[in-house]
Amino acid sequence: MAEKDKGPVIGLSWHPTLPTLSSFTIKNIKIPDEAESSSALWKPNSQLVDGLFVPPNDPIKLNKLRKSQCKDTLGKDWFDMLAPTITPELKRDLQLLKLRSAIDPKRHYKRGDPKSKDLPKYFQVGTVMESATDFYSSRLTKKERKATIADELLYDQTFRAYRKRKVREIEEKNRPGGNDKWKIKGKQSRKRAKERRH
């Protein structure tokens, strides 16, 4: 089979049928149909007319074919912003941005949609550039600059201290008071009582 083009499916695509040479014949070589049918460019022989692919006459099938070929964008109003591929690092950064109100106690953000737990489909990532008028205390040093938001938060000392304090407060709040913290519940307590008796 000839090498496949990466061109669009709509329109005419031509696959030449080459005559087999009598001196050199290939036997017992079969390409599996599942692999061929999974490709968008490969068409079965029943759809080819003299080696040419003719688009379907049905307008519904033609529209489906066009939609599968067009790029996933946000629209003309948003300058055809493409949907980026979400990597694990990007996913982590987006989750952190959703939880940004819990990161800094002194900063209050407008609450987003509380019902939607899914991440945004269309977005762009940029780099924050400090202006020359910013004072040194409001800039990040080279040591503090990291590749992702998650890395910056992990190395931030004030956030680390705040997080430890909050975790300690929650643990103390959930810890049982009085004698309950000394009681061991379940089979272990019965075992220990039995050992004390004997």
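I take buried to mean under 20% relative accessible area, exposed over 50%, and partly exposed in between, using a 1.4 Å probe and protein chains only.

**Ground rules**

I am reading a predicted model, where local features need pLDDT of at least 70, side-chain atom pairs count only at pLDDT 80 or more, and totals for chains, interfaces and linings use all residues. Residues are numbered from 1 along each chain as its sequence is written, and side-chain values use heavy atoms, with hydrogens and water left out.

**Overall layout**

I started with the elements: helices (H or I, at least four residues) and strands (E, at least two) are DSSP runs, numbered from the N terminus. The protein chain has 7 helices and 3 strands. Reading from the N terminus, I get the order β-α-β-β-α-α-α-α-α-α.

I then checked burial, and 11% of the 198 residues of the protein chain count as buried.

For contacts (heavy atoms within 4.5 Å), I looked at pairs at least 6 apart in sequence. Of these contacts in the protein chain, 64% join residues at least 24 apart.

**Confidence**

Next came pLDDT, the predictor's confidence in each residue, from 0 to 100. The protein chain has a mean of 75, and 63% of its residues reach 70 or more. Which elements have the lowest and the highest mean pLDDT? I find helix H1 (residues 33-38) lowest at 46 and helix H6 (residues 157-174) highest at 90. Over residues 28-38 the pLDDT is below 50, and this stretch has 5 contacts in the model beyond near neighbours in sequence.

Phenylalanine 79 has a positive phi near 55°, and aspartate 80 has a positive phi of about 50°. Phenylalanine 79 is in the loop between helix H2 (59-69) and helix H3 (88-98), and aspartate 80 also has its place in the loop between H2 and H3. Phenylalanine 79 is exposed, at 76% relative accessible area.

**Salt bridges**

I counted a salt bridge when a side-chain nitrogen of Lys or Arg is within 4 Å of a carboxyl oxygen of Asp or Glu. The count comes to 4.

One of them joins aspartate 72 and lysine 121, at 3.1 Å from N to O. Aspartate 72 lies in the loop between H2 and H3 and lysine 121 in the loop between helix H4 (100-103) and helix H5 (149-155), so the pair ties together parts 49 residues apart in sequence. Both ends are partly exposed: aspartate 72 has a relative accessible area of 36%, and lysine 121 has 48%.

Glutamate 169 forms a salt bridge with arginine 165, the closest N and O atoms being 3.1 Å apart; the two are 4 residues apart in helix H6, so about one helical turn separates them. Glutamate 169 also meets lysine 166, at 3.5 Å from N to O, and these two lie 3 residues apart in H6. I therefore noted Arg165, Lys166 and Glu169 as linked in a network of salt bridges, by the 4 Å rule. Glutamate 169 is partly exposed at 38%, as are arginine 165 at 39% and lysine 166 at 32%.
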